[in-house]
Amino acid sequence: MRFILITACAAALVIGSMAPAGAQGETGDGYSINLQMGFGWAHNIMLADWMNRWRDIFEPTVGVNRDEEQEENSVLYSGFDIEPRMHSGNLVYSLSVGYHNVLNGKRKVTGNLGTMKIESDLTYISIKATALYRIALSSGNCFLLGGGLGYYRPTLTLDYSNTATGTYFSREGTGWTIGWHTQFEYNIAFGNVNVSLGVLSRFAECWNLEVEDQNGDELYDQGVSLTGIYFYVGAGYMI
């Protein structure tokens, strides 16, 4: 699965960044400030597997007649980006700063002795550099397609509580990785204001993230991911 995602992203990056030889239309030079919001799907199977193992190990501590009340995985996320862009002819260059909040993973089991909960909270700070090719339309709108590289810094917080044993802890770890992405966007112009609708295919796997327990021992070292598809809407203003 990981090999397929890497190959698909790499191929799309090459294809998307090629400038079509026959593209026609008006070009514009200048700068713009863009704000984007969106949602996406992230590939976090390793985190889900770790939470399942912890649940299986510690659920006997809550006694018999156990009922698994909750199971949610960290696969959906929302995001917000601030993206300055430089427009030069049919080329658009951008450098964006973003924040992404992944849906919390949760496991909850209740037995006759108490309740055990495991919860993961995963967030990302990203800095992306992107080059896009502009295909102008007769209506004054345009398509943008291309790709780029990004720096991603995830923070993972793991919370564990067990009322049967009186145990509770909250531990946090951070990591970083370099990823790449391809992007396709439809841009609607209203004078100096533009509205954008886009989709982004991203590969961003962080394997060096570790979370330690209160004794400094390794609690989690499976890595986290923001690899997947991201849909967004945005608004920009030409300076």
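1. Helices (H or I, at least four residues) and strands (E, at least two) are DSSP runs, numbered from the N terminus. Asn65 counts as exposed, at 69% relative accessibility; here buried means under 20% relative accessible area, exposed over 50%, and partly exposed in between (1.4 Å probe, protein chains only). Have a look at its backbone too: phi of Asn65 is near 55°, a positive value in a residue other than glycine.

2. Before going on, a word about what you are looking at. This is a predicted model, where local features need pLDDT of at least 70 and side-chain atom pairs count only at pLDDT 80 or more, while totals for chains, interfaces and linings use all residues. Residues are numbered from 1 along each chain as its sequence is written, and side-chain values use heavy atoms, with hydrogens and water left out.

3. How confident is the predictor? The pLDDT, which is the predictor's confidence in each residue from 0 to 100, averages 88 for the protein, and 88% of the residues score at least 70. Over residues 1-27, however, the pLDDT is below 50, and this stretch has 34 contacts in the model beyond near neighbours in sequence. A contact means heavy atoms within 4.5 Å.

4. Now the overall picture. The protein has two helices and 14 strands. Of its 239 residues, 44% count as buried. Among contacts with a separation of 6 or more, 73% come from residues 24 or more positions apart.

5. Which residues touch the most other members of the largest nonpolar core? They are Trp50, Leu156, Tyr220, Val224 and Leu226, in a core of 29 residues. A nonpolar core is a set of buried Ala, Val, Leu, Ile, Met, Phe, Trp, Tyr and Cys residues joined through side-chain atoms within 4.5 Å. The elements that give two or more residues to this core are α2 (45-58), β4 (91-110), β5 (115-136), β6 (142-162), β12 (218-220) and β14.

6. Next, the aromatic rings. A search of the whole structure finds 14 aromatic pairs. Rings of Phe, Tyr and Trp (its six-membered ring) pair if their centres lie within 6.5 Å; planes under 30 degrees apart count as stacked, over 60 as edge-to-face and the rest as tilted. The pair of Phe39 and Phe231 is tilted, because the ring centres are 5.9 Å apart and the planes stand at 35°. Phe39 lies in strand β1 (residues 30-41) and Phe231 in strand β14 (residues 228-238), so the pair ties together parts that are 192 residues apart in sequence. Phe39 is exposed at 52% relative accessibility, whereas Phe231 is partly exposed at 42%.

7. Is the pair of Tyr230 and Tyr232 stacked or tilted? The pair is stacked, because the planes are at 20°, with the ring centres 6.3 Å apart. Tyr230 is buried at 2% relative accessibility, and Tyr232 is buried at 4%. Arg202 lies over the face of Tyr230, at 5.4 Å from the ring centre; a charge sits over a ring if NZ of Lys or CZ of Arg is within 6 Å of the ring centre and within 35 degrees of the ring normal. Elsewhere, ring pairs link Trp50, Trp54, Phe58, Tyr160, Phe169 and Tyr220 into a cluster.9. What about cysteines? A search of the whole structure finds zero disulfides, a disulfide being a pair of cysteine sulfur atoms within 2.5 Å. Cys142 is buried, with a relative accessible area of 7%, and Cys206 is buried at 0%.

8. Glu68, in strand β2 (residues 67-72), is partly exposed at 36% relative accessible area. Not counting residues up to four places away in sequence, Glu68 touches Arg55, Lys108 and Val109. Gly234 lies in strand β14 and is buried, at 9%. Leaving aside neighbours within four places in sequence, Gly234 is in contact with Leu35, Gln36, Asn194, Val195 and Ser196.
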